Amino acid sequence: MTKITEKFVLLVGLDWATRKHDVCIQYPDGKRVNSIIEHNSEVIDNWLQALHAAYPGQIAVAVELSKGPIVYALQKYDFVTIFPINPKMLCRYRRTFALSGAKDDPTDAMFALELMLRYPDVVLPIEPADEKVNKLKFYVEERRRLVDDKKRYCNRLNATLKQYFPQILDWFSHRDTELFMDMIIRWPNLTILKRARPQTVSKFMSSHSSNMKSIAKRLELIKEAKELTDNPTVVETNQLLAMTLARQVLPIIHAIREFDTLIENLFADMPDADLFRSFPGVGKCLAPRLLVALGQDRKRFSSAAEIQRYSGIAPVTERSGKSCWIHWRLQCSRFVRQSFVEWAGKSIKFSFWAEEYYLQQRNKGNNHNSALRSLAFKWIRILYRCWKDKVFYDESKYLKALRERNSPLIV
């Protein structure tokens, strides 16, 4: 408790909300005062400037967030240091004093302050990160959300088309493209499509960079196709929904393309870009995500095990009495874990030893996802070493090391 009270002139616990924030301030003499501030840029600025004018020096703020509007607002001030509190940690601490578990905003502000004071080795401040890394982090995370949105709408669209126009799903292997969406908007059912001249349909597909061989095959299939149903209610209602969903997917496709350009340009300026590109299977999407997961500060992680725990790849072992059980880590960044697992899956096609290791895990009885997590666990060790030493990955060098150790991966 002494270290933090010596370093900061004021200690603040803050319980955030959409329109107001409950705060508990501990002054230098140990006195605590609770108050409420409105979530308003001007109000927050006046509040902080008044505190800093009265008590010049650093102010520590404990808040149940690591990002969000109030965190971004506080980060503007160089005299404010933010200590993010894990929500589950605060919840369990609250239950220690209130068996009912009832939440109370002013009390939560006080508990956040207490956790910052009592556990300085656990509740650590947000370290200022590289602005380029922060921006890249935002881009790759939001791009992934857009991809998930597109997938959700496309699944609904496919389900809708199966109700009245299932043939179009067989004509296209990629059903999340501009060509597919534009075709549904222009010819939302089979009857309308069959009325169109073949030359018109062919010209339309050609404008979307579709090759002539696939166009000719699709035209033949359109000619032979029969309507699934002639019920006007089924056709009219479902085609309206299909057109609506297609119009929702199109701007998402354009947005993803724009994000890809921004990510590619920003990632190319990163000093470690080529290092992450050197790993098999990363491609244009996963290399920036891996860089974001590790960052550019080599002091951030002191071992591969820290990254394995941080990413949620390392399993958790629990013991109680004579019982011992292992489960996967729940408290972690799901996006980071997803990045490593997806990379492990892609690497199987581009790395000899990765494919052998994956097959080895499957032969042991592990399912697909467990095998990928095991492979990701192994990849993190290699990635950490290369990242720490600023060395590009070399598959032949690693295979040579495996042979020298008589690894079962090398037959």
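Buried means under 20% relative accessible area, exposed means over 50%, and partly exposed lies in between, with a 1.4 Å probe and protein chains only. Helices (H or I, at least four residues) and strands (E, at least two) are DSSP runs, numbered from the N terminus.

This is a predicted model: local features need pLDDT of at least 70, side-chain atom pairs count only at pLDDT 80 or more, and totals for chains, interfaces and linings use all residues. Residues are numbered from 1 along each chain as its sequence is written, and side-chain values use heavy atoms, with hydrogens and water left out.

**Stop 1: helix 14**

Select residues 283–294. This is helix 14, with 12 residues. From first C-alpha to last it reaches 17 Å, close to the 16 Å expected at 1.5 Å a residue; the expected span is 1.5 Å times one less than the number of residues. Nine of the 12 residues are buried, so helix 14 is largely enclosed by the rest of the structure. Colour the buried ones: Leu286, Ala287, Pro288, Arg289, Leu290, Leu291, Val292, Ala293 and Leu294.

Now show what covers them. The cover includes helix 6 (131–164), helix 12 (232–268) and helix 13 (273–277). Helix 15 (304–311), helix 16 (334–347) and helix 18 (368–389) are also among the covering elements. Contact here means heavy atoms within 4.5 Å. Step past the helix end to Gly295, whose phi is positive, near 80 degrees.

**Stop 2: Glu342**

Stay with helix 16 and pick Glu342, which lies in it. Is Glu342 buried or partly exposed? At 26% relative accessibility, it counts as partly exposed. Leave aside its neighbours within four places in sequence, and Glu342 is in contact with Arg144, Leu286 and Arg289. Leu286 and Arg289 are among the buried residues of helix 14. For a distance check, select Ala196: its C-alpha is separated from that of Glu342 by 42 Å, and the two are 146 residues apart along the chain.

**Stop 3**

Select strand 1 (residues 10–15) and strand 2 (residues 20–26). They pair in the antiparallel sense over five bridges. Gly13 has Cys24 of strand 2 as its bridge partner.

Strand 1 and strand 4 run parallel, joined by five bridges. Leu14 stands opposite Val63 here. Strand 4 also runs parallel to strand 5, again with five bridges. There, Ala60 stands opposite Thr81.

Show the side chains of strand 4. Which residues point one way, and which the other way? Ile59, Val61 and Val63 point one way; Ala60 and Ala62 point the other way. In a regular strand the side chains alternate between the two faces of the sheet. Five of the five residues of strand 4 are buried, so this strand is largely enclosed by the rest of the structure.

**Stop 3: aromatic rings**

How many aromatic pairs does the structure hold? It holds 20. Rings of Phe, Tyr and Trp (its six-membered ring) pair if their centres lie within 6.5 Å; planes under 30 degrees apart count as stacked, over 60 as edge-to-face and the rest as tilted.

Select Phe8 and Phe83. Their ring centres are 5.8 Å apart and their planes are at 80 degrees, so the pair is edge-to-face. The pair links distant parts of the chain, 75 residues apart: Phe8 is in the loop between helix 1 (2–7) and strand 1, and Phe83 is in strand 5. Both Phe8 and Phe83 are buried.

Then select Tyr27 and Tyr55. This pair is tilted, with 5.4 Å centre to centre and 50 degrees between the planes. Tyr27 is in the loop between strand 2 and strand 3, and Tyr55 is in the loop between helix 2 and strand 4. Tyr27 counts as buried at 19% relative accessibility; Tyr55 counts as partly exposed at 29%.

Finish with the cluster formed by Phe279, Trp343, Trp353, Trp379, Tyr393 and Tyr398.

Notes. Pairing = 2+ DSSP bridges.
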